[in-house]
Amino acid sequence: MSGLNDLHEGPGVLTEAAHRAESAPRRRLFIQSFGCQMNVYDAQRMADLLAPEGYAETSQAEDADVIVLNTCHIRERAAEKIFSELGKLRAVKSERAASGRDTKIVVAGCVAQAEGGEIFRRQKAVDAVVGPQSYHRLPELLRRAETERGLVETEFPAQDKFDFLVPPTPEQVRKRGVSAFVTVQEGCDKFCSFCVVPYTRGAESSRPVAEIVAEVKTLVSAGVREVTLLGQNVNAYHGANGAGGAASLAELCARIAATPGLARIRYTTSHPNDMSADLIAAHRDEAALMPFLHLPVQAGSDRILAAMNRKHKSADYVALVAEIRAARPDIALSSDFIVGFPGETEADFEATLDLVERVGFASAFSFKYSPRLGTPGSDLENQVEESVKSTRLSRLQALLEAQRQAFNHALVGSVVEVLFEKPGRHPGQIAGKTPYMQAVHAEGSADLIGETCPVEIVAAGSNSLFGRVAPSRAAREVPI
Ligand code: 5AD
Ligand code: SF4
């Protein structure tokens, strides 16, 4: 039995769940996730939770007795997409009803948290709404939905949802692949003035070290080789260390790195002000910690950074990057950017371009500012015109794309460690990732899936690299 079982479930609960799985009719579950990686993780945990209830996952909404949309509220477009998706699902529900099949539609995630019961007003086909801190109640909600309408569960319960979650079976882990997400921290206390996260995901909280280590062990024993530790502000992690104190993210990484069979650790997303000295040192000392860091800066102008409530200046970020690179010279950086924050002038925007030039990013996400109700940014009067935002976004993206291509091409001719994750597009090919998160395709046997091998990069395409598995691989001992 896995450590996670020990932590999350008393034996009575397990027996009852196992009993339900046997006695319950097989039902189909379709979960669609939008937005960030944490939603992907949450969706998996929802599927894990419903498996003992007799729900098997399907990839077709039309086949599903229960449809869960795990939603994202970060930008207006993301939220609007949910309502258009719900419109389509309503049609699926009526079609199934016409052939006598019942369908329950559940809205989960951050739109659920932000909109609550309002969702029923906009889409009557929805049966239940469940926020990101209460989805452990999904099995109970679905039972209640048989007889009740308009169910909403968006409390931030005093007891942690993680205490109620069910570990995945080894078969489920294998299906999901060799790279897995593990949420270690949730919520955010930073209150950047554009961001809804502190409202939808709540206050910052960290899972205890022992619980995370046990979850990683369960994953690795089922074949996972890489974990990405997730948190909205992951480097603010301070989970209980079992000795009455709190562990930092660096300490957590060290504990996780000791898991036999685990090859790689990543973490995302970080705030520059929480890049502590021990975390920077971990990038130098911890071989399993990958030399790739997503460190959002959002903007390059001090005036805009202040208005965004980021609490650091442009020069602080540049100095921090220099410090990180001194510790780990080959580290590759990525970032998030927002253009057109209220009050952003051409000069402010050029300061963002200037910062990008000075730092050099391997990859990045960039967005037009989107006012979110309830955040301080949305009340500001000097909103930037949409057309100006669009032009700035294109200019920024052109620069970031040039840097990404240059970074990819610079690797041609070198040998990098690739973790192979899956079969490639063509027979005889396999696909994996470099330490810097680039996709690599190579000729190779499917036996190499789940292994890290030195690969010579022979060419760079626009979205992936092409490599040759080094001949020395055959003689190399692969850690088990
Ligand atoms: N408008 C545009 N982009 C936003 N982000 C967060 N909130 C907004 C918003 N209101 C971006 C930030 C963040 C990423 C996850 O989404 O860049 O880092
Ligand atoms: Fe949002 Fe990140 Fe700022 Fe927290 S640190 S408020 S999650 S942008």
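Visitor: Why is the pair of F341 and Y369 called edge-to-face?

Guide: The centres of F341 and Y369 are 5.1 Å apart, with 70 degrees between the planes; since pairing needs centres within 6.5 Å and edge-to-face needs planes over 60 degrees apart, the pair of F341 and Y369 is edge-to-face. F341 lies in the loop between β15 (332-339) and α15 (346-359), and Y369 in the loop between β16 (363-368) and α16 (386-410), so the pair ties together parts that are 28 residues apart in sequence. Helices (H or I, at least four residues) and strands (E, at least two) are DSSP runs, numbered from the N terminus.

Visitor: What makes F341 and Y369 count as buried?

Guide: Buried means under 20% relative accessible area, exposed over 50%, and partly exposed in between (1.4 Å probe, protein chains only). F341 has a relative accessible area of 0% and Y369 one of 3%, so F341 and Y369 are both buried.

Visitor: How do you know that F407 and Y436 also form an edge-to-face pair?

Guide: Their ring centres are 5.8 Å apart, with 90 degrees between the planes, and these values meet the limits of within 6.5 Å and over 60 degrees. F407 is in helix α16 and Y436 in the loop between β18 (429-433) and β19 (439-443), 29 residues apart. F407, at 21% relative accessibility, counts as partly exposed, whereas Y436, at 12%, is buried.

Visitor: What makes R75 lie over the face of F367?

Guide: A charge sits over a ring if NZ of Lys or CZ of Arg is within 6 Å of the ring centre and within 35 degrees of the ring normal. R75 is at 3.6 Å from the ring centre of F367, and R207 lies over the face of F162 at 3.9 Å from the ring centre.

Visitor: Why are β14 and β16 said to stand at the edges of their sheet?

Guide: Two strands pair if DSSP finds at least two bridges between them. The open sheet has the order β14-β15-β16, with parallel pairing; β14 (292-294) and β16 each have a single partner strand, so one side of each is left without a neighbour in the sheet. Three bridges join β14 to β15, and L293 has L333 in β15 as its bridge partner.

Visitor: What makes strand β10 mostly covered?

Guide: In β10 (residues 226-230), five of its five residues are buried. E226, T228 and L230 point one way, while V227 and L229 point the other way. Five bridges join β7 (residues 179-183) to β10, and five bridges join β10 to β13 (residues 264-268), the strands running parallel in both cases.

Visitor: How are the residues and chains labelled, and which limits apply to the model?

Guide: Residues are numbered from 1 along each chain as its sequence is written, while chains are lettered from A and ligands numbered from 1 in the order in which they are written. In this predicted model local features need pLDDT of at least 70, side-chain atom pairs count only at pLDDT 80 or more, and totals for chains, interfaces and linings use all residues, while side-chain values use heavy atoms, with hydrogens and water left out.

Technical notes: Rings of Phe, Tyr and Trp (its six-membered ring) pair if their centres lie within 6.5 Å; planes under 30 degrees apart count as stacked, over 60 as edge-to-face and the rest as tilted.
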